[in-house]
Every structure is written in structure tokens, then in C-alpha cells.
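Visitor: Hi, I'm new to this one. Can you put it up and talk me through how its parts sit together?

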Amino acid sequence: MADKITLRPVTADDLDVWEREFDGPELDAPAPDEPEISAAEYYRPDDRFSTRSNDTRIAPARDRAARSADGAAFAGDFAATWQRVDRLCRVQPAGRTVRTRHGDAMLLSEFLLARVVEVAAHGVDLADALGHEPWLTPSAGDAVTELLLGTEHVAATEELGWSRTRLLRKVTGREPLDEAGAEQIERLGLRWLALGRVPPAKRSRPVVGSPREC
């Protein structure tokens, strides 16, 4: 059985981000005039993914996870939170911009895409912990792979011969990426997303972090 200390904080981290960014001052505040960065640029190497920032973010997630009496209560918290955030985001106008807690002015749609990446990565962690085969919905798979590989992501993933979940595993450090694999995805134009780790064959380039970081 998966340990609740391992699983709940992973999901609680997502819940805290959703509430902090979407059910709080960001959507209530005046919208920035113009977006400044995209979802890919949001994952740039700076202090937001430092050990200090990760520790600051993880501590509230552990506290939230510990407050639930049991798994059913925590699942209810999860469902209520995502449904509330979904309602709030659906009523926003097209082209809505927000300023994140890091100071980034972004299209709401791009910030939501950044959240999809994190939920997808955490979903892989949860599936592994529970002994299930990980999976992505078609829309989430398209969103994540297009962010990583651009508009030709379908052809690129076919050339790699990897499933979308395996691609996600490899570029987030959840599965080893050897030099040949790193060179192949580099040639296909992969956008490395910085969360504190670098691929083994490309130490000069940042990559999405470990399960504890993402």
C-alpha cells in the first residue's frame, strides 16, 4: 500500500498552488496589460526552483496533507478544490492575463498549461507509488508534448518511439536518459524546462526536476 506521507503531500502541493494562484489575489487583482512570458519561459532557471523555495513550498503541502482524517476526506478536498478553480477560470475572458506569485505576467491559458505539466508529472509519481500503469488524457498528453517539442510533437514522439508518459519520465528525471536519447531529443528541438536538474548528457542545459522538485 502506498504510504500517505508519500502520496498526500504530492497532491496537496498541487492543491495549494491552485488555491494560491486561482482562488486568491491573482484573479482578483487587475490584469497586467501584456503577457511577458510563456509557459515554457515560466520554467526558467532562477530562485523559484532553488532548494530554499522548494522547502518553502513543500512544508505547507505536508501540513495540508496531515489535516485530512483519511483518504476519503483528502479525495473530497481534492475534488472540491479543482472544481472551484475550474469554475473560476472558465468565467475569465479570452486573453486574460495574470501576475504569478513570482512576478511573471502571463496569459491565464499559459499559466494553466504550466500547471498541467506539474499535474502530469505528479500523476506519474502517484501511479508509480500505487503500482499502476501511468497514463495521460489525450488533451493533457497533447498539451505537454507540444510544450516540450513544439507543433511537430506528434511526429517527434513517433520518431522517438516513446509513449508520452515515457517522454515525460525521461525529461523530468524519473527515468534514466542516456547520451544517445539526450542527443536525439535535442535534435528534435526539445525545450528543456528548468526545475533544478540537468540531463546527464547535456550538463549545460537545464531540465525538469525530480519528483520532489516538480
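Visitor: How do α6 and α7 lie relative to each other, parallel or perpendicular?
Guide: α6 (residues 108-130) and α7 have axes that cross at roughly 105 degrees and come within 10 Å, so the two helices are roughly perpendicular to each other. Angles under 35 degrees count as roughly parallel, over 145 as roughly antiparallel, 65 to 115 as roughly perpendicular and the rest as oblique. The axes are lines fitted to C-alpha atoms, for helices over the stretch in contact, and angles run from 0 to 180 degrees between N-to-C directions.

Visitor: Which residues make that contact?
Guide: On α6 they are Leu 113, Val 116, Val 117 and Ala 120, and on α7 they are Ala 140, Ala 143, Val 144 and Leu 147. Contact here means heavy atoms within 4.5 Å. The residues divide into eight nonpolar, no polar and no charged. For those classes, Ala, Val, Leu, Ile, Met, Phe, Trp, Tyr, Cys and Pro count as nonpolar, Asp, Glu, Lys and Arg as charged, and the others, Gly among them, as polar.

Visitor: Before we go on, where does the model come from?
Guide: It's a predicted model: local features need pLDDT of at least 70, side-chain atom pairs count only at pLDDT 80 or more, and totals for chains, interfaces and linings use all residues. Residues are numbered from 1 along each chain as its sequence is written, and side-chain values use heavy atoms, with hydrogens and water left out.

Visitor: OK. How do α7 and α8 cross?
Guide: The axes of α7 (residues 138-149) and α8 (residues 153-160) come within 9 Å and cross at roughly 85 degrees. That makes α7 and α8 roughly perpendicular to each other, too. Asp 142, Thr 145, Glu 146 and Leu 149 of α7 meet His 153, Ala 156 and Thr 157 of α8. This contact has two nonpolar, three polar and two charged residues.

Visitor: Which residues of α8 are buried?
Guide: His 153, Ala 156, Thr 157 and Leu 160 are. Buried means under 20% relative accessible area, exposed over 50%, partly exposed in between (1.4 Å probe, protein chains only). Those four cover an arc of only 95 degrees around the axis, which puts them on the same side of α8. The arc is that of the directions from the helix axis to the C-beta atoms.

Visitor: And what do they pack against?
Guide: The buried residues of α8 pack against α7, α9 (164-171) and α10 (179-187).

Visitor: Switching topic: how far apart are the ends of α5?
Guide: The end C-alpha atoms of α5 (residues 71-90) are 28 Å apart, which agrees with the 28 Å that its 20 residues should span at 1.5 Å a residue. The expected span is 1.5 Å times one less than the number of residues. In α5, Phe 74, Thr 81, Val 85 and Cys 89 are buried. Their arc is only 60 degrees around the axis, which puts them on the same side of α5. The face turned away carries exposed Ala 72, Arg 87 and Arg 90.
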